[in-house]
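Subject: Structure handover

Hello,

The structure you asked about is below, with the sequence. My notes on what was found in it follow.

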Amino acid sequence: MRNLFENIVERCDEAELYKVENYSTGLSILNGGIQSVKGSKTLGLALRINKDGRYGSAVATSLDDESIIERAILSSQYQKEETLKFKNLPVEDVKCYDEKLASMSAEELTTEGLRILDLFKSIDESIIPDVQINRSVQEIHIINTSGFDHSYNRTQYEVRVMTKSKEGFMEVNSSIFSANFRAFTKEEVAAIIKKHKISQNRVNVPTGKMPVVFSGNAMGSLMTRLLSGVNAGNVIKKVSPLENKIGERIASEVITIKDHGKLENGFASCPFDDEGIPTNETVLVEKGILKNYLVSVSGEEKLNMKATGNAFKRTMFSNDIEDQPAIDSSNFLIEGTNQLADDELIKNIKKGIYIDSVMGTHTGNIPAGEYSLNIGCGYLIEDGKLVGKVMDTMVSGNIYEDLMKIEAVGTKLEPMGVIFYTMGYSPAILFNGLSVVGS
Amino acid sequence: MDINSLQKALTNEGYQDIRYETLATTSIKVKNDEVKEVSVTNKKGGHARALLGGAFGSFSFNKLEDAKQAVEESIAFSNQIPGNKELAKVPVTVDKVILTPIVDPRKISIDEKKDLLLHYCMLAAEVKEIAVVEGEYYEQYSQKVFINNEGTRVEQEQLICGFAFSMTSKRDGLTQQTRLAFGGNDSFEDMYNKDKEVLEKAEQTVALLSATPIKGGKYDVILDHEVGGLFIHEAFGHLSEADNLLRSDALKETMELGRVFASPILNVIDDPGMEGYPGSYIYDDEGVRGKKTYLIKEGLLTGRLHSRETASHVGEEPTGHSRAKNYEFSPIVRMGNIYIDKGPNSLEEMIKATERGLYLFGSAGGQTSGEMFTFAVQGGYIIEKGEIKGMVRDLVLTGNLFTTLKNIDMIGDDLNMRKRGGCGKNGQILIGSGNGSPFIRIKSMAVGGK
């Protein structure tokens, strides 16, 4: 990598070379048996340069591919007159690598998958879940002409477990997203089975306003909208409703929302972002008051704010080497004052809905905070108890009105689901009076 | 490309294949009157698969010389899995697919592409109350080789290019967003002479600022070809991907061929072989020719989309629908170009026959869980007593596999395919997934709203 970088420096004014080496193993268990085992060992290189007052970029998949320099220079020739800033800030260690997970063989991962199947069998033989397990080990290395030269190793562990209805469709799902290995527990399996059984009773919900609990998983849909709002890029473009709102109340006083890139064993934790900026614990909303935006290096001057370490090479749908670093969550983390256990959250609800997962996270007017979600997996609450699975039901609103309606925050953190990935961790959240369109 | 060295990586043990590809992409991103990014990407890599035991083992790699090791890893994975699995038989194919686009984007300079993209963006950005216009030119050119140890060797070029715009209008605190796309095939010709479309979309985006937010509830809806295409993709297309059937025996019963799925006026087809759309291709990533497949005929379930594995699993013919995003992924069953076949009605008839409903235009993404699905649209108009009235906004619809398809009661006589593909499944976003539809009317669909 250093050889290539020396050649780059000779031909460009300033440069940053990013390298990711990825080693991953995954398996899928369907219908009680292993459906596939896959592996991957790949390399990605991304170069960003300044030359003659313009910036350019290019990617390659081999250290021998010196055309990456040529292509980055070509790219710079079309850009407007603007350069990138490459920084060299001190980096601290972050706990994001698990030796045990990194050394697990494909057989050991398979054994864990089959053990989860057996846990189901030990409680209820009739429920055969789908189980997906993915483990990846990455080394990320960034060198730039400001003297930054750091690398880190990280591991990521994903488990998705899903039961199916008697017609064969998705019923209940649950997941682990973490940097370290953690065994799926019998209690988790028992909780899935309990919800699976409740789901066998299908219920219709009338249209109207009612108390709604979003599970930690389902909160990903609402936080995707908040992420768009606190994205400094959107503030600069003037399409964020949170423009000029720092210091103002945007949510109920019971909720605090952080972006925590240093969270111990967080799925997205790492020492620095994909521009080499150290990650941070950034308080976005403190007891309902907007405190900060998420800022990348390019936004620093325009907003007179410091970069928060949130520029990542991924989108909602991809994490490809060619994705440019752009503002994204590291690990969003939702906390509450006077948190209540999940049972307590629903105890006093006479009639309402508990939502475990939704569809439509990526659709609708996200920058404006609008949401209109199909409840993929949710339950009717009656007199403080879950009584059946709601079908063909939607929940709609605007987060900038509805974050004010949060009454209580639960305790148990779940990974927040966003299409393919996760954006952090949240407990269940109780909203008072959201719009529900039933059947 | 050194195909012989790939060939040498394979042995005669069980089933083995290798796909190796060189990917060249050009991407130009602009915002209003500024170029944000120009990039020319080169990526190379391969994916090996082996089937010796009860399931596939597979391995992704970058360098040609690592193919042998990738095959060995795949064999080791597959050997771990107890059981024994057969693939559906397909003809051994040796073929070379070379593209001959009408206007070859590879021969057009980056300058020309960039200038045209900027021209459209600036045109739209000048419309009053348009806040941001983001435009993207994408061009993906791949040269793929697929070989297996049955003797198949397919060399194939694939190319897709297009313009895609996102427009945001703003008035006080309110914003509205729309999308517009041109191209979606291997030729650059569709990118020219689009001033009128761009301006109309910008004006529509501004008009949405004066629209009324929809009130949630049930409506009879008329969908344009974009929304109709998205609808059939989400409502039914994904479920016709037969890898779902590997999941559960229950679903096999639910999806029994011959079962009534829709009203008798509905015909749904997937055809990778039609030329010039995002989901058009000759061979899939198992070297099988993509086949036009009737999924629903006169309301009955008549077929589904297969890989060799799923075809064997249910004892049906392979259809050549097993595709991967790129060398980092295993191929999975994907739609090619899915569409609703045309029917007898004109749009005017449909509007006239609608007492109280909505006319919906422009797709804005969707999702499905198999049984339930949801999709968003850019905007719509109220229909009252057979006449188009005021504009409405913030529209997201939801439906159910078992009821919604049966509620399609009118189908237009004019089929149109969408210009932009794209679909996500199992972590793979695939730009080469097309869809289309005539105007269709669906009774009583749930529309979300406050």
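B:Gly357 stands opposite B:Ile383 in strand β17 of chain B. The two strands concerned, β16 (residues 356–368) and β17 of chain B, run antiparallel and are joined by 10 bridges. Strands here are DSSP runs of E with at least two residues, and helices are runs of H or I with at least four, both numbered from the N terminus. Two strands count as paired if DSSP finds at least two bridges between them.

Before the rest, a note on the source. This is a predicted model, in which local features need pLDDT of at least 70 and side-chain atom pairs count only at pLDDT 80 or more, while totals for chains, interfaces and linings use all residues. Residues are numbered from 1 along each chain as its sequence is written, and chains are lettered from A and ligands numbered from 1 in the order in which they are written. pLDDT is the predictor's confidence in each residue, from 0 to 100. Chain B averages a pLDDT of 95, and 100% of its residues score at least 70. For the complex, the predictor gives an ipTM of 0.92 and a pTM of 0.94.

Strand β17 of chain B

This strand covers residues 372–384 of chain B, and 10 of its 13 residues are buried. Buried means that 20 or more other C-beta atoms lie within 10 Å of the residue's own; 12 or fewer is exposed, anything in between is partly exposed, and C-beta atoms are placed from the backbone. The hairpin of β16(B) and β17(B) has three residues between the strands, and B:Gly370 takes a positive phi near 105 degrees there.

β17(B) also pairs with β18 (residues 387–393) of chain B, in the antiparallel sense over four bridges. The bridge partner of B:Ile383 in β18(B) is B:Ile388. These two strands form a hairpin with two residues between them, and B:Lys385 in the turn has a positive phi of about 50 degrees. Six bridges join β17(B) to β19 (residues 395–400) of chain B, again antiparallel, with B:Met372 opposite B:Asn400.

Another sheet in chain B

An open sheet of six strands in chain B has the order β12-β11-β10-β15-β24-β21, with mixed pairing. Its edge strands are β12 (300–301) and β21 (416–417), each of which pairs on one side only. Within this sheet, β10 (residues 268–270) and β11 (residues 293–297) of chain B pair in the antiparallel sense over three bridges. B:Val268 stands opposite B:Ile296 in β11(B).

B:Ile332

B:Ile332 lies in strand β14 (residues 332–333) of chain B. Why does B:Ile332 count as buried? Because 22 other C-beta atoms lie within 10 Å. Leaving out residues up to four places away in sequence, B:Ile332 touches B:Asp243, B:Ser322, B:Lys425, B:Asn426 and B:Gln428. Touching, or contact, means that the C-beta atoms of two residues, placed from the backbone, lie within 7 Å.

Where the chains meet

70 residues of chain B are in contact with 67 residues of chain A. On the chain B side, strand β2 (residues 34–51) gives the most, with 11 residues. By class, that side has 22 nonpolar, 34 polar and 14 charged residues. Nonpolar covers Ala, Val, Leu, Ile, Met, Phe, Trp, Tyr, Cys and Pro; charged covers Asp, Glu, Lys and Arg; the others, Gly among them, are polar. Strand β2 (residues 33–51) of chain A pairs with β3 (residues 56–61) of chain B in the parallel sense over five bridges, and A:Val37 stands opposite B:Gly57.

Chain A

Chain A is divided into domain 1 (2–198) and domain 2 (201–437), with bounds from an automatic or database domain assignment. Their centres, taken over C-alpha atoms, are separated by 22 Å. 31 residues of domain 1 are in contact with 30 residues of domain 2. On the domain 1 side, β6(A) gives the largest share, six residues.

The largest nonpolar core has 193 residues, of which A:Val212, A:Val213, A:Phe214, A:Ile353 and A:Ile355 touch the most other members. Such a core is a set of buried Ala, Val, Leu, Ile, Met, Phe, Trp, Tyr and Cys residues joined through C-beta atoms within 7 Å. Strand β16 (residues 370–382) of chain A supplies its largest share, seven residues. A second, separate core of 27 residues includes B:Val38, B:Val132, B:Phe163 and B:Ala164.

Regards
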